[in-house]
Amino acid sequence: MDARRHQQRQQRLKEKVDARIDAATERRGIVIVFTGNGKGKTTAGFGTVTRAVGHGLRAGMVQFIKGQWPNGERRLLEPHGVEFQVMATEFTWQTQSRELDGAAARDTWRHARRMLADDTLDVVLLDELTYMISYYYLDREEVIAALNARPAGQSVIITGRGCHRQLLDMADTVSEMRPVKHSFDAGIMAQQGIDW
């Protein structure tokens with residue numbers, strides 16, 4: 001492609017992008033969902049929170065399901081004022097107790113509700129929330145009500161597989177991670193600092 005045609009194509013692209021930017025005039029918090037069967041949902045959520053904190057925003061994190069192993073993101077973000085609340089019961093396939101997991105989820109949800117009502121928090125990450133709804137550990141309508149009642153400027157990030165249709169519908173941004181290839185399938189151990 002010659003330089004003139006390239007410049008014309010890029011100018012048309014710029015005009016389209018500029019028009020979309022000009023049309024986006026509403027300012028409010030948004031709901032972001034990272035879902036799908038691929039790896040990277042939690043990492044994407046943490047990355048968004050890290051970006052927010054880097055810009056001086058205040059954030060809180062609630063992790064459902066995750067265990068008690070060392071958490072690099074927590075080590076990085078907690079000194080910057082990010083509150084972490086972790087269910088810390090290990091994965092549900094390890095505990096294998098509906099009663100204990102449900103009680104732990106409800107206890108952890110108390111912290112999430114408090115964060116969702118806190119108008120000093122700009123961003124709240126609800127990591128692996130989707131499982132709590134699909135396993136019926138948390139009441140879906142209660143979760144949706146809390147999301148709808150949050151402060152207008154607060155953004156919320158929800159991660160996890162199998163996100164309920166109602167949450168997908170209410171979200172402003174939805175990204176689906178799709179598995180293509182994973183090192184674990186080739187027998188490579190999960191590595192601290194890379195996989196967790």
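Six strands of the chain form an open sheet, ordered β3-β2-β4-β5-β1-β6, in which the pairing is parallel. Strands (E, at least two residues) and helices (H or I, at least four) are DSSP runs numbered from the N terminus, and two strands pair if DSSP finds at least two bridges between them. The edge strands, each pairing on one side only, are β3 (83-86) and β6 (173-176). From one strand to the next, the twist averages 10 degrees; axes are lines fitted to C-alpha atoms, for helices over the stretch in contact, and angles run from 0 to 180 degrees between N-to-C directions.

The model is predicted: local features need pLDDT of at least 70, side-chain atom pairs count only at pLDDT 80 or more, and totals for chains, interfaces and linings use all residues. Residues are numbered from 1 along each chain as its sequence is written, and side-chain values use heavy atoms, with hydrogens and water left out.

Within the sheet, β1 (residues 31-35) and β5 (residues 155-159) pair in the parallel sense over four bridges, and Val-31 stands opposite Val-156 in β5. Helix α5 (residues 98-116) lies across β2 (59-63), β3, β4 (123-127) and β5, and runs at about 160 degrees to β2. Contact here means heavy atoms within 4.5 Å.

The chain has eight helices and six strands in total. Helix α1 (residues 3-23) has 21 residues and should span 30 Å at 1.5 Å a residue, which agrees with the 30 Å between its end C-alpha atoms; the expected span is 1.5 Å times one less than the number of residues. At the start of α1, a side-chain oxygen of Asp-2 comes to within 3.2 Å of the backbone nitrogen of Arg-4.

Along its principal axes, the C-alpha trace of the chain spans about 65 × 45 × 35 Å.

How values were computed:
Polar contact = N/O pair within 3.5 Å; in protein donor to acceptor, adjacent residues only side chain to side chain.
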